[in-house]
Amino acid sequence: MSGTHRILAPVWSFSFFLSAVFGCSRFWLEDPPNIVLITMDTTRADHCSVHGYERDTTPNLRRLAEQGTRFDSAYSPTSTTASSHATIFTGLYPLTHRVLKNGIRLSDDFATLAERLQGEGYQTAAVVGSFAMAGKFGFAQGFSSYDDRFLRDQSTFEVTQWQGHPVEEGFDRRADSTSRHAIEWLREKWDGQRPFFLFVHFFDPHFPYDPPERFETQLDLQPSEFEDAKQARLHEKIAKYDAEIAFTDFEIGKILDVLREKDLEEHTIVIVTGDHGEGLMDHGYLMHAVHIYEEQVRVPFLIRWPGTIAAGRVIDAPLEMVDLAPTLLGLIDRLPHDAEFPGRNLARCLRTKIRSRWIRTTRSFCIANISSRE
Ligand SMILES: [Zn+2]
């Protein structure tokens, strides 16, 4: 048994004792929080202003970080969409879940976050932004609603085949469409009774970089000063890539606005992260899914739950994407006794009231206390 389980065991035992005495089966979290999990495709942490980028690409994420905790060293396990999302969903490394590239189906043998939360009484829904995340690849497991329909006339990519699979309609959709469908679900499909788990995948920072023009204007992108034509073209591509991140941030902001309007902020855990980064020629490659250099695997990671997770805290200790599932389940007190997650449950680290400065300067505290594995 891992150290994580040993730490949690007394908590479960205590809960069980109180349940037996007071007759309630959900002592610790009588009213489990809603969960919104958002992934930004192809988003490098160092191109997000919330993580220090000089262009203000993510004003909404900056506000989210002020209300929650930011991990500055979060890493995806690969630089490929399906592999990384399979890790987010299962809490397992790619060599275990075997989705080693796009187009491979996630096996039904694995318990996904959506299945676990559905089993706990959550109403589950997903809206995804590209065919790479289509339900046919096993990602819809545990979701009662999985919105993966892409219209051909709204797609960025015009393909009829992808990774050996026929693409019968469109391949992807834009961020404004993704957020609209997510908001429609929140307003019209959530029953308002059960806690919900809403997963939203935004595809836009993925190549080709063709943001709505106003986001290029908003970032006040300056013309290239490079005389070398190749450098000038790269400068222009990076500017457009940044504007795609700004577009995605803007649409994420709309979802966060709805949570506020519906007075759900206090009772909703929000996580925003990425599936992988983008090369942008730092090591001679423009896109991703080839290398695991820093720029292709370091992703944004923010988590907010007002009143429970510290506001404005920054943790620079490394976070792996395998930590996401056990941490989320740990936060809502639903981490199974027998779950064999290779990652760490960081819930205690997030919940703790100790001063943020202490966490930042003694990073080993966060790791050693929470995950003393043997
Ligand atoms: Zn991706």
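**Ground rules.** I am looking at a predicted model, where local features need pLDDT of at least 70, side-chain atom pairs count only at pLDDT 80 or more, and totals for chains, interfaces and linings use all residues. Residues are numbered from 1 along each chain as its sequence is written.

**Overview.** I looked up the whole chain before anything else. Of its 374 residues, 45% count as buried. I found 13 helices and 13 strands; these are DSSP runs numbered from the N terminus, helices being H or I with at least four residues and strands E with at least two.

**The core.** Which residues touch the most other members of the largest nonpolar core? I got Ile-38, Phe-197, Leu-198, Val-200, Val-272 and Leu-302, out of 88 residues. Helix H8 (residues 229-261) gives the most to this core, eight residues.

I then picked Leu-198 and checked its contacts (C-beta atoms, placed from the backbone, within 7 Å). Setting aside neighbours within four places in sequence, Leu-198 contacts Val-36, Ala-125, Ala-182, Trp-185 and Leu-186.

**The sheet.** Next I traced an open sheet of eight strands with mixed pairing, in the order S5-S4-S8-S1-S9-S11-S2-S12. Two strands pair here if DSSP finds at least two bridges between them. S5 (145-147) and S12 (313-315) are the edge strands, each pairing on one side only. From one strand to the next, the twist averages 10 degrees. Helix H2 (residues 59-67) packs on the sheet and touches S2 (69-71), S9 and S11 (301-304), with its direction at about 55 degrees to that of S11. For such angles, axes are lines fitted to C-alpha atoms, for helices over the stretch in contact, and values run from 0 to 180 degrees between N-to-C directions.

**Strand S1.** Are the residues of S1 (residues 34-40) buried or exposed? Seven of its seven residues are buried. In a regular strand the side chains alternate between the two faces of the sheet.

With S8 (residues 196-202), S1 pairs in the parallel sense over six bridges; Thr-39 has His-201 as its bridge partner. S8 also pairs with S4 (residues 123-127), parallel, over five bridges, and Val-127 faces Val-200 as its opposite in S8.

Note on methods. Buried ≥ 20, exposed ≤ 12 C-beta atoms within 10 Å, placed from the backbone. Core = buried A, V, L, I, M, F, W, Y, C linked by C-beta atoms within 7 Å. Contact = placed C-beta atoms within 7 Å.
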